[in-house]
Amino acid sequence: MNSKEVSILLEVREVIYTFLSTSFLLSPTSTQITTVIQQRLFEEFPLDLDNQDAINGLELLSSWAKENENTNHEELCKELLQDYNALFVGPGHLLAPPWESVYLTEEKLTFGDPTMKVRAFYLRHGLEYYRKNSEPDDHFGLEMEFMAKLISKQRQAQNKQDEQYLVREQIAFLQDHVLKWLNDFANDICQNSKTKYYKGLALLAKGFLTWDYQNLKESEII
Amino acid sequence: MGNVTEAKKGATVSRRSFLKWSAALAGSAALVGCMPVSSGGSAEPAVAQAGERHLNAEILPTICWHNCGGRCQIKGQVKDGVLLSITTDNEGPDTPDNLQARACLKGRAQRQRLYHPDRLKYPVKRVGERGEGKWERISWEEALDTTASELKRIIDQYGNESVHYIYASGVGGAFNQSYMGGPTGRLLNCLGGYLSFYGNYSQANYMYAIPYMFGSPYGGSSPTTFPDAKLIVMFGDNPACTRVGGLNSTYYLKLAKQNGVKIIVIDPRFSDTASTFADQWIPIRPTTDSALVAALAYIMLTEGLHDQAFLDKYCVGFDDAHLPEGVPAGNSYKSYVMGDSDGQPKTPEWASSITGIPVDTIKQLAREIAGVKPVFFIQGRGMQRHANGEFQALSVPILAFMTGNVGILGSNPGLYEGFTPVRMGSYPAGANPVEAKISFFMFTDAIEKGGNHTKESSGLQGADRLPHGIKFIWNYGGNALVNQHSDTGRTTALLKDTSKCEFILGIDNFMTPSMEYSDIILPDITQFEQEDIVTRALGQGLALYGRKLVEPMYECKGVYEICLELAKRLGVQDKFDEGKTQEQYLREAVAVAQEAQPDFPSFEEFREKGIYKTKPSKIVAYEAFIKDPIANPLPTPSGKIEIFSKTLYDMNRPDEIPAVPKYIEVKEGPRSPLREKYPLQCIGHHSKRRVHSTFDNLPWMEEAEPQRLWMNPQDAAARGIKDGDLVKVYNDRGTVKVKVKITPRLIPGVCSLPQGAWYTPDANGVDIRGCINTLTTWEPTKLAWGNPQHTNLVQVEKA
């Protein structure tokens with residue numbers, strides 16, 4: 001891969017992480033739905049991955065978009081919002097609580113050790129959640145955003161040494177945090193979601209992150 | 001794909017797609033949460049490594065304030081704005097003069113409430129049918145605007161009597177208070193008042209009935225005097241489960257035990273208190289305690305063991321010679337016991353057939369009670385939570401009168417424990433201009449009957465009739481709207497009808513079964529996200545200061561802020577808002593404490609240490625009255641103990657409301673014809689894993705004591721049921737599916753479904769969590785308009 005190709009891949013990864021971040025962190029909006037459906041984004045995913053979860057996820061998302069081409073986007077948004085709230089927001093029992101600590105602590109609570117470790121990881125790169133201590137730092141969407149920020153830093157790195165450090169940090173963050181709960185979290189979404197959209201998103205996240213981690217590990221060896 | 005570049009093994013990048021995606025996401029990329037910190041990125045904070053987790057953590061005192069009857073200190077280990085763990089009062093030594101206010105399993109699990117992923121986080125409004133479970137997240141502005149306009153509309157249209165601030169006991173601070181008063185009370189008072197209530201789910205029948213005998217519901221001996229007794233006789237009462245914390249009566253039971261005091265527990269269930277402390281457990285069928293008391297009286301009378309001089313001097317109506325003027329002979333308690341009035345002497349044989357207690361045990365118990373002094377008679381709250389609860393409660397003191405066990409150290413006339421509270425100020429709620437009060441238990445009646453909820457039909461006080469019933473419910477920190485009230489099926493059906501009660505506001509930390517029936521839910525902060533004070537006394541007085549441990553989470557707000565915002569919208573800010581901060585109110589509360597208790601510390605010191613205790617004192621019930629009944633008469637019509645109440649007699653409903661504490665057969669009792677269909681009596685004991693319904697959703701608590709129906713091996717064998725089986729418990733009111741615990745700790749013919757589990761109906765309306773109130777009735781008790789929630793007949797079969 002030449003340096004131009006490498007830099008394009010970096011940009012693509014940053015875009016995908018940003019997409020995952022906003023998809024999980026924010027409630028769906030009708031303008032976002034309109035864009036995604038009209039521009040057929042899921043049929044033209046910028047990475048052609050040979051990961052089965054990613055392929056299945058994109059298939060679900062594309063078929064969701066196709067089925068809803070003529071649906072009223074306000075109504076569609078309401079349906080997605082019900083699903084999003086039932087999974088991640090409430091009120092009441094969350095079907096897929098979107099925080100690492102809930103999956104990785106024995107008591108299944110927010111603000112456990114994983115939250116503090118994620119907080120420390122962010123801080124190491126000069127970042128802090130603006131809702132610190134009001135909402136947990138280890139929301140899946142925030143972890144995706146943090147990855148996007150690491151990639152952005154890598155793109156701006158001045159020398160090889162910094163670049164390699166940032167690759168190592170991405171590997172470490174995926175390994176020590178994201179991948180530790182990704183499967184259980186994605187499974188909870190797939191089992192409980194009432195829409196193809198969030199099922200597809202969960203599978204895409206699972207597939208992409210698994211691929212990305214392997215990709216990073218290989219590039220580290222090189 | 002268009003412009004394809006080989007990237008890595010297993011992936012290709014599409015440049016065209018990528019550009020499209022970049023453009024599509026350009027707007028949202030800015031909407032993200034990780035902000036650069038001003039201090040730069042070099043800081044390497046102490047990450048929670050093994051052994052270092054608590055390094056440099058601050059330890060702050062706070063409180064466990066739920067309604068178990070005790071209160072305990074909690075100490076939070078806080079670091080970087082996060083509560084790491086919880087400990088409790090460890091200031092020693094833990095001696096009879098200085099009990100540690102140690103928290104129980106629930107208090108120590110409080111971190112699981114604070115950091116539970118299911119906490120209510122944002123205001124929501126109902127978007128489907130009421131109770132359907134469809135919600136939409138809304139802004140605080142919208143939530144407050146809607147609540148204010150609905151409150152105003154309903155007051156204008158139906159009047160202040162139609163606004164009910166419903167019974168709730170989830171929050172109990174000097175500042176935040178969900179049980180009447182508090183900022184809610186003040187706001188509603190500023191608006192012209194609200195419909196309040198009398199009585200409560202814990203002890204309604206006792207509190208209503210006991211004054212007919214003593215003139216007051218209070219005044220028992222303190223548990224500090226347990227060790228001074230020779231014998232303690234407990235009718236029910238299970239402090240080892242209901243008030244588990246360190247500074248409670250269980251400690252004094254232990255001291256009594258160490259002193260060699262004999263302890264007898266009369267209870268259908270071999271409770272933790274019975275199994276830990278009792279020398280003898282006498283199992284009894286629910287609702288039959290007054291039959292046992294009558295038979296004990298019979299033995300004492302026939303064997304001449306009773307203290308006639310005491311009865312003559314201090315009591316009205318024990319025998320016909322001491323009835324009030326104008327009451328014909330044959331109406332005294334003695335004539336009831338001897339069968340003069342009804343032809344049935346209350347022999348041990350008679351009582352045995354009702355109570356299930358062997359004849360010899362009854363005889364032996366009577367002789368034992370009469371043969372030793374002092375005896376501490378005490379009753380728990382469970383035995384009065386029955387359809388005949390008033391007379392269950394009134395019967396126990398008879399034993400103390402017949403044996404002269406009143407007014408002497410080590411005695412107690414069958415009353416709840418006495419105490420000297422710590423005086424403390426509280427947030428000024430002001431006076432409620434609305435005089436009408438419903439029974440706490442009759443709110444469903446007041447919704448259902450609308451304008452036909454009256455004094456006669458429904459026990460309304462302070463007015464003859466409610467003009468429109470209840471149209472607005474303010475439910476703050478409470479689960480009595482659905483879960484803790486009787487007959488959840490009937491209650492939820494009523495609440496679904498939005499033409500009856502038109503608006504329900506819910507404020508809580510969790511989506512309880514009651515919150516499900518709100519129109520708007522506002523997320524409340526816990527005690528750990530604010531400052532407050534609680535007091536409590538059982539033997540030793542206690543005041544606790546709760547420091548704020550962490551910032552309010554998500555978008556949660558406290559009730560004061562909610563009320564202030566509503567006051568602004570409703571044009572009463574000038575009346576509501578005194579321009580004081582929460583701290584100023586707490587300082588004023590402490591000033592009251594300092595004036596009443598000269599050794600009370602400064603506000604700063606109290607806030608720092610978080611705890612103040614009085615020296616334990618020994619209270620002997622009715623000591624002054626016994627010493628000199630002329631100088632210190634009781635506040636009864638006669639000034640004496642009224643075993644016979646002329647007031648009750650004049651109600652002229654002798655079968656339902658007897659003038660002396662007779663045994664009243666209930667519709668769903670041990671000898672009811674309904675037993676052919678529903679052969680088991682079903683009670684709902686308090687489990688130590690919950691405070692009412694609080695803590696039901698915590699994993700540790702489910703691990704400590706999973707929700708199970710208790711059942712005797714004989715009843716289980718007859719039904720082919722094995723331990724751990726899923727069973728169906730049902731009657732005409734509802735069906736519960738729950739796993740069974742088979743144990744000889746409960747007598748045959750009785751089962752128990754521990755109260756407080758969260759009502760969870762499936763698609764067929766079958767409760768799959770095990771909420772006792774799926775099976776209970778709305779029908780109130782006859783005198784007190786109280787709750788009969790342990791009086792249920794059911795059938796149980798394998799599910």
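This is a predicted model: local features need pLDDT of at least 70, side-chain atom pairs count only at pLDDT 80 or more; totals for chains, interfaces and linings use all residues.
With 17 of its 23 residues buried, helix α1(A) is largely enclosed by the rest of the structure.

**View 1. Helix α1 of chain A, end to end.** Here's the helix that covers residues 3-25 of chain A. Its first and last C-alpha atoms sit 33 Å apart, close to the 33 Å you'd expect for its 23 residues at 1.5 Å a residue. Look around it and you'll find that 17 of those 23 residues are buried.

**View 2. E44(A) and the chain B residues it touches.** E44(A) belongs to the loop that runs between α2 (30-38) and β1 (47-49) in chain A. Its relative accessibility is 15%, so E44(A) counts as buried, the cut-off being under 20%. Who does it touch? Setting aside residues up to four places away in sequence, E44(A) touches R16(B), S17(B), K20(B) and W21(B).

**View 3. E779(B) and its polar contact with K667(B).** This one takes us to the chain B loop between β29 (750-752) and β30 (793-798), where E779(B) lies. E779(B) has a relative accessible area of 32%, so it's partly exposed. Apart from neighbours within four places in sequence, its contacts are F441(B), K667(B) and P788(B). With K667(B) there's also a side-chain-to-side-chain polar contact of 2.7 Å. For a sense of scale, I74(B) is 705 residues away from E779(B) in sequence, and their C-alpha atoms are 40 Å apart in space.

Note on methods: Residues are numbered from 1 along each chain as its sequence is written. Chains are lettered from A and ligands numbered from 1 in the order in which they are written. Side-chain values use heavy atoms; hydrogens and water are left out. Helices (H or I, at least four residues) and strands (E, at least two) are DSSP runs, numbered from the N terminus. The expected span of a helix is 1.5 Å times one less than its number of residues. Buried means under 20% relative accessible area, exposed over 50%, partly exposed in between (1.4 Å probe, protein chains only). Contact means heavy atoms within 4.5 Å. A polar contact is a pair of N or O atoms within 3.5 Å; within protein, one must be able to donate a hydrogen and the other to accept it, and residues adjacent in sequence count only if both atoms are side-chain atoms.
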